[in-house]
Amino acid sequence: MNIRFLKQKTKARLLEMAALITPLLGGVGGGLFTSCTDWNDHYDAGTALTESQQAPLLENITKNPELSQFASLLSKTGFDQQLNSSQTFTVWAPMNNTFNYDELMATGNDRLLRQFVKNHVARNNYPATGALDQKVFMLNEKLMHFQGNGQDYNIQGIALQAGQQNIGSNNGTLHLVNGKIPYLPNIYESLNNEQFALDSIGNHFHQYDVRTLDEQRSVAGPIVNGEQTYLDSIFNESNILYRNFHAYINQEDSNYTMILPTNTAWTAAYDRIKQYYNYVPTMRYMDVTGTNTDTTIVVNLKDAAQLRDSVTKYKIISDLTYNNNVYDNRRLPELKEGDTPQNDSIVSTLGNIIYADDVKSLFAGAKRVDKSNGAIWVTDALNLPAWSSWNPEITVEAEAFYFKTANTGSVTTKTVTTDQNPYIKGHISNNKYVVITPYTDGSHPEIYFFLPGVRSTEYNVYVVMLPSNITSVTTPYKFNSISASLLFMKEDGTLPNTETSQRNANPLSGYETSSTFVTSLRDETLPSQGARIDTLFLGSVTFPVAYYGTGDCAPYLRLRSRFNSSLNKYSPDRSLRIDCIILRPKELDDYLQSHPGYVYDKHNVY
């Protein structure tokens with residue numbers, strides 16, 4: 001058998017297969033024919049390989065006089081040796097004087113490597129052949145569009161030099177291009193944007209950066225002084241903030257809108273928000289969950305000032321990021337600078353809803369800048385009202401069991417059913433309520449509701465109560481009469497002395513200071529046995545200390561069935577039917593008075 005003849009036939013067949021398959025596989029399969037060691041390992045020395053095909057990419061770049069500037073930048077970053085390895089790459093190399101070489105030479109190596117060198121290199125083979133419209137992920141994970149019509153080709157709009165494309169190498173393909181491929185930062189990278197003063201939010205995010213070497217994906221080099229070195233180091237980067245906020249603004253395949261406050265806006269927001277989070281080193285609350293005897297629980301904060309600082313910064317960024325792929329957020333990519341948003345609402349990545357009026361305020365005066373994974377809106381003022389973000393209305397559902405009772409026969413949770421009295425006016429939140437019955441016919445049941453999440457601010461306090469005939473038209477209607485009082489910390493973190501607390505005009509100013517509140521008598525405008533669900537205003541209260549984020553530490557509201565002699569003749573009802581407790585920020589209540597129909601998110605429900 002003629003061995004020489006067989007080798008030539010095998011060689012010819014391999015070349016034929018490569019010619020047929022490589023254009024079809026493009027960037028995916030091209031490496032099958034170039035990622036082995038050297039073309040000479042497969043063919044006889046007499047095959048018609050060009051000089052470039054026998055050389056690595058680095059050699060083909062350094063020998064080309066049109067690429068001397070690019071070669072110099074490769075050497076500066078140390079990435080040149082990667083192009084001398086057995087890995088398969090495609091390089092789109094900008095020719096001399098088609099970019100600002102001096103500016104890039106003055107750029108730090110980390111930025112130069114990511115924003116320039118790796119912006120021009122991709123793994124695997126991407127030949128310019130035939131009709132082409134291909135998406136290519138560069139080494140910096142940026143997505144580029146590689147296009148052509150069989151004659152003219154471009155990468156992200158930058159033209160390939162005619163006659164200087166598809167330069168084969170033994171570890172990939174080289175194309176010469178007429179300019180630098182544009183680098184478009186993603187949103188996370190834009191926190192370092194030098195165009196705007198974003199140091200405050202940028203520094204806050206970056207203190208949570210974690211960068212770890214991915215040994216499995218990195219290319220190992222020699223052992224030096226007992227330590228493993230790597231020819232190609234690949235790192236995994238993570239940040240607990242964007243994980244906790246479900247806002248992966250670092251990922252190129254994402255699509256977000258993010259409001260970015262300048263240093264001016266950050267400072268103003270910080271000074272405004274911190275007033276709602278006044279913590280003291282030693283906090284106290286009354287534990288009434290175990291027995292009828294009140295017990296004071298002491299909570300020592302590790303660092304009250306640090307907690308205030310951390311919570312304040314957390315609240316600044318809580319509602320800045322929006323996923324453009326969900327809900328009415330899908331309109332955001334089309335929003336132009338200076339336009340009025342037409343969204344009914346948008347939903348932050350934390351699930352908070354910003355309704356139409358506040359959406360307009362959020363984007364007012366902001367500057368839009370497009371990014372590789374969405375857009376940022378840079379603003380000198382965070383225009384969200386407090387109640388839409390860091391100081392929301394708090395609703396405590398009675399059935400949530402954040403309470404303790406006394407002088408009570410039973411506590412029952414009821415679910416609203418279809419046989420509810422149709423003549424009752426009003427709404428029951430969550431379709432559930434609690435019934436507290438007296439221990440004896442003559443006793444006065446009482447209940448202590450814990451109020452989680454309270455900020456150091458002023459609230460208007462409401463209790464929503466249901467009438468005795470809520471479920472049946474045949475049940476006689478009876479009204480309720482209750483007293484209400486609060487127990488909460490003073491500014492120094494101490495609890496008021498129950499024996500010496502002073503009475504004054506505000507029924508909620510301190511422990512056991514109470515007034516009587518009476519639900520409505522039967523509404524004469526309603527049919528027989530009709531009544532209404534009453535929302536009783538108990539008064540205004542200013543909490544000098546914040547409880548938000550301190551675990552079980554919370555103030556409580558005490559409600560007690562209470563009647564004076566003048567009401568006994570009406571045969572009042574001693575059982576209490578309670579839907580919920582509402583703590584509405586005073587500033588929100590004032591706003592609602594002058595803005596009827598205003599819609600806001602009641603998202604803090606316990």
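**Close-ups of the inside of a predicted model**

**View 1. The residues around the largest cavity.** Phe205, Leu241, Tyr242, Phe245, Ala247, Ile249, Met258, Ile317 and Thr321 line the largest cavity. Here a cavity is a set of points on a 1 Å grid over the protein atoms alone where a 1.4 Å probe fits but cannot get out, and lining residues have an atom within 4 Å of a point. The volume of this cavity is about 60 Å³, counted as the space filled by probe spheres set on the points, with points joined across faces, edges and corners. Sort its lining by class and you get eight nonpolar residues, one polar and no charged ones. For that sorting, Ala, Val, Leu, Ile, Met, Phe, Trp, Tyr, Cys and Pro are nonpolar, Asp, Glu, Lys and Arg are charged, and the others, Gly among them, are polar. This is a predicted model: local features need pLDDT of at least 70, side-chain atom pairs count only at pLDDT 80 or more, and totals for chains, interfaces and linings use all residues. Residues are numbered from 1 along each chain as its sequence is written, and side-chain values use heavy atoms, leaving out hydrogens and water.

**View 2. Ile578 and its neighbours.** Ile578 touches Ala398, Tyr433, Val434, Ile436, Ile447, Phe449, Val463, Val464 and Leu559, if you skip residues up to four places away in sequence. Touching means heavy atoms within 4.5 Å.

Note on methods: 1 Å grid on protein atoms, 1.4 Å probe; cavity = no way out; pocket = protein on both sides within 12 Å on 5 of 7 lines; lining within 4 Å.
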